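Have the model open and follow along.

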Amino acid sequence: TNSTFPFEFSIMALRVLSIDTMEGDNISQHTKTTDDTAIDWEEATMRIAGSFATLHLDSVSPISSNIVSPFSDNSSQSQSSSIDHSNPGIDPIQPLQIQSPSDLELPGTDKDPEKNNNNGMSYWIYINFIFGSILLTSGSFFWIIDHHLTENDYYTLVTFAWFAGGASFHIATYSSYYAMINDVYIKENKPKRSFCCYNGKKTIAYWTAVIYLIGACLYRIPSFCSVLNIQFQRDTVEWYLYKQLPTIVGGICFAIGGTGEVLAYIYSRNTNANANPSKIGKIIAYLDGIGGYGFFIGSVGLYFDDEDITFWLSEIPYTIGSVLYLITSILGLCRLSSSKNGNIFDIFFACLYSFTLAIAVTGIAYAALCERYRDWMKGFIMAVILTIGVLFLGVLNDGNNPNQRELKYVVWFSRFFMTGYTLNLMVDTYHVSGMNCGSYGMQY
């Protein structure tokens, strides 16, 4: 194409000049003046430049005419209505006017980070939050009725549930921080960063993500000690250092993080006149704020040794906070699914798979404590791997892609299969639970 370009340019130049000459001759027949028959060289030059841009795009640029056409100047299309348009939407006689790169938006993309290449990251962040919130909510509920639980039941349904749910929260909070700083670096054309080494502008969203991450890290300390059954005598230095202090400071971080979410939402709404924040974003911000204060109150309530105070100031606030985090995680997944033309089934089954994953993890803990059926751990571990594999279909299943008809069959088959598999997994987990471990399978 490059070798023939000078010849094509010459032909187009002669074509434009001949058109001007013909127009000049027509004028001279009416006016009989030499000035009117003169060629307007400035106008001819502009037309040649417009033809040059058109030829260059047709021969070299991979951008289709449908993408370029919105940026062409159509203010004077009547000037060349009699000329053959070889490229629909672009007038070969009109100079092409391209807007700034920030205004150029290709089909299938969006300036919203949750609607472009960060969809996969956002999806797994919400899945981790949902999975963690399910375990934290169930752990808080069984904590309330702990007087009905055996020792193995309490360890699995409360201690281990809080440990696994908190670990999932830890992964999700770090992933949120990672996505946030890398989104900024991508916009600034800087290399990606992964840890706490962000040198850009420290916004409210940045500090909120950092504070949430610190709080999640602090909660790992007492949770890790509890799952390893490391006990501390009350009011000792170790008790304050490894249990009370990390719990209270972690609760403060969650409260500050929730407040930061609300402030970031209000700041974004008030400073950007063109912003149109969704109602879901507002609900998520305020519910996360309330949930953060629920965790803070719950951490303070753990200091007291009275059962009634612990119930009202610790168990209930933690349960409310966990439920609110579960609701906001599902709402966030709804917002992400809507950007991918998803539907209610996508959201429902993503939550179902998160529940399946929680059941499988609970089954692993129960099987590890049940000596008679300890080999069932292999089946529960395979259930975790299978569920994570099915969750990957949620990343591949994009409603914006029309070429995924075959994948739809796989998705729906997996949905029917996982529904029955989840029910079967619940039965198996119940059979190896603390109160049934010794009696299941025995013949009387």
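Let's begin with Phe304, which sits in the loop between H9 and H10. Please keep in mind that this is a predicted model. Phe304 has a relative accessible area of 35%, so this residue counts as partly exposed.

Phe304 belongs to a nonpolar surface patch of about 690 Å², together with Tyr240, Ile297, Val300, Tyr303, Ile309, Trp312 and Leu313. Two elements each give two or more residues to the patch: helix H9 (279-301) and helix H10 (307-339). H10 provides the largest share, with three residues.

## The disulfide

How many disulfides does a search of the whole structure find? The search turns up one. Its partners are Cys370 and Cys437, with an S to S distance of 1.8 Å. Cys370 is in the loop between helix H11 (344-369) and helix H12 (377-396), while Cys437 is in the segment after helix H13 (405-431), so the bond ties together parts that are 67 residues apart in sequence.

The torsion about the S-S bond of Cys370 and Cys437 is about 90°, so this disulfide is right-handed. Cys370 and Cys437 are both buried.

## Two further cysteines

Cys351 is buried, with a relative accessible area of 16%.

Cys225 also deserves a look: its relative accessibility is 10%, so Cys225 counts as buried.

Technical notes:
Residues are numbered from 1 along each chain as its sequence is written. This is a predicted model: local features need pLDDT of at least 70, side-chain atom pairs count only at pLDDT 80 or more; totals for chains, interfaces and linings use all residues. Side-chain values use heavy atoms; hydrogens and water are left out. A disulfide is a pair of cysteine sulfur atoms within 2.5 Å. Helices (H or I, at least four residues) and strands (E, at least two) are DSSP runs, numbered from the N terminus. Buried means under 20% relative accessible area, exposed over 50%, partly exposed in between (1.4 Å probe, protein chains only). Patches are made of residues with over 30% relative accessible area and no salt bridge: like charges are joined within 9 Å, nonpolar side chains (Val, Leu, Ile, Met, Phe, Trp, Tyr) within 5 Å. Accessible areas come from the Shrake-Rupley method with a 1.4 Å probe; for residues, only the protein chains shown count as cover. A salt bridge is a side-chain nitrogen of Lys or Arg within 4 Å of a carboxyl oxygen of Asp or Glu.
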